Amino acid sequence: MARLEVVKEIFDLRSSFSISRSVKNSIEVVRVEISDGKYKGSGECRPYERYGETPDRVIAQIESARASIERGLSRQELLEVFNAGAARNAIDCALWDLEAKKSGQSVWHLIGGKGDVHPVATVQTISLSSPEEMANSARGVGEYKTLKIKLGGGEEDLLRLRAIHEARPDVKIVIDANESWSFDQLRRFIDQAQELGVYMIEQPLPKDQDELLANYDAAPIIICGDESIHTVDDLDDKGELYGMVNIKLDKSGGLTHALEMVEKIKELNDKGKNIQTMIGCMVCTSLAIAPHILLAQNCDLADLDGPGWLKKDRAYGVKYQNGLVMPDKLWG
Ligand SMILES: [Mg+2]
């Protein structure tokens, strides 16, 4: 009989993290541990308001499956019991970690990975603020080759971009508008985006308006789907609207389904689509980043700076060096 433990934990941020719809000074995560008496597997999720999740609701969801988890629910059965989301992610990752420890093999090898897990080049996020403050932040992260700029809608966005481009003409820029633009604004931005160093725009439009992207050619700028694409079904419905998809385990509901998404993108590309894979994260601890680092071994772009925002990460967490995130030994 397995034993399940579920706890909510709060981590303070070293500076506030702002995007179009929220400002955070701390984050609340849910940690799941599943032990079989001899080995213990851990997983972490970050319940997200945008998707109707709170820590308490996610904990209640996990508790509702306590009996079946403790009876030995498998990862495949988990996909049938839970919808995609944070709760499923924490359980799925705990089950992977437990499997790895029981088998004496790393998760990387269990998912078919060869050789060692390599450090991954990650973007550095610049939190939403005034143009001057954002330019200052951009100057302060000299070791990163790609910056991800959080924008908030409104005409000031162009001033923000200009200030950052002037401060760091040496970097590539990706924008994350977090659903805050109108289609009209997107079209006006695209005209100037390329000369400001931008090569990708993440989730410019609200999730329910992304159909407007059909027949719209933003090339050479890539439009990436985040809030719009959580699962394989979403890829079927809307994948072709986007040139890149941001896969995050809190959206896919775990590593198991995220691997299915990676396969689905390959399949779509084999049929002539051209969808790049981005691996992204919420602001989270190193426990949640570890499975993302595995997924990111073969991706086109990685946004794995989450733990870098924490005042204090978990012990033995990831390290950041020269724009790379180094694998940690916390999980898997
Ligand atoms: Mg995003």
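Which residues of helix α1 (residues 55-64) are buried? In this predicted model, they are P55, V58, Q61 and I62.

**View 1. The buried and exposed faces of helix α1.** Seen down the axis of α1, the buried residues fall within an arc of 125 degrees, so they line one face of the helix. An α-helix has 3.6 residues a turn, so residues three or four places apart point the same way. The face turned away from the buried side of α1 carries the exposed residues D56 and A60. The cover over the buried residues of α1 includes strands β1 (3-19), β2 (22-35) and β3 (40-45), together with helix α4 (86-103).

**View 2. The open sheet of 8 parallel strands.** The strands follow the order β5-β6-β7-β8-β9-β10-β11-β12, and β5 (124-126) and β12 (301-303) are the edge strands, each of which pairs on one side only. On average, and with direction ignored, neighbouring strands of this sheet are turned by 25 degrees against each other. Within the sheet, β8 (residues 198-202) and β9 (residues 222-225) run parallel and are joined by 3 bridges; M200 has I222 in β9 as its bridge partner.

**View 3. The crossing of helices α6 and α7.** The axes of α6 (residues 131-139) and α7 (residues 156-167) come within 8 Å and cross at roughly 30 degrees; because angles under 35 degrees count as roughly parallel, α6 and α7 are described as roughly parallel to each other. Their crossing is right-handed. On the α6 side the contact is made by P131, E132, M134, A135, A138 and R139, and on the α7 side by E156, L159, R160, A163, I164, E166 and A167.

Conventions. Residues are numbered from 1 along each chain as its sequence is written. This is a predicted model: local features need pLDDT of at least 70, side-chain atom pairs count only at pLDDT 80 or more; totals for chains, interfaces and linings use all residues. A residue is buried if 20 or more other C-beta atoms lie within 10 Å of its own, exposed if 12 or fewer, and partly exposed in between; C-beta atoms are placed from the backbone. Helices (H or I, at least four residues) and strands (E, at least two) are DSSP runs, numbered from the N terminus. The arc is that of the directions from the helix axis to the C-beta atoms. Two residues are in contact if their C-beta atoms, placed from the backbone, lie within 7 Å. Two strands pair if DSSP finds at least two bridges between them. Axes are lines fitted to C-alpha atoms, for helices over the stretch in contact, and angles run from 0 to 180 degrees between N-to-C directions. Angles under 35 degrees count as roughly parallel, over 145 as roughly antiparallel, 65 to 115 as roughly perpendicular and the rest as oblique. A crossing is left-handed if the near helix is turned anticlockwise from the far one by less than a right angle, and right-handed if clockwise.
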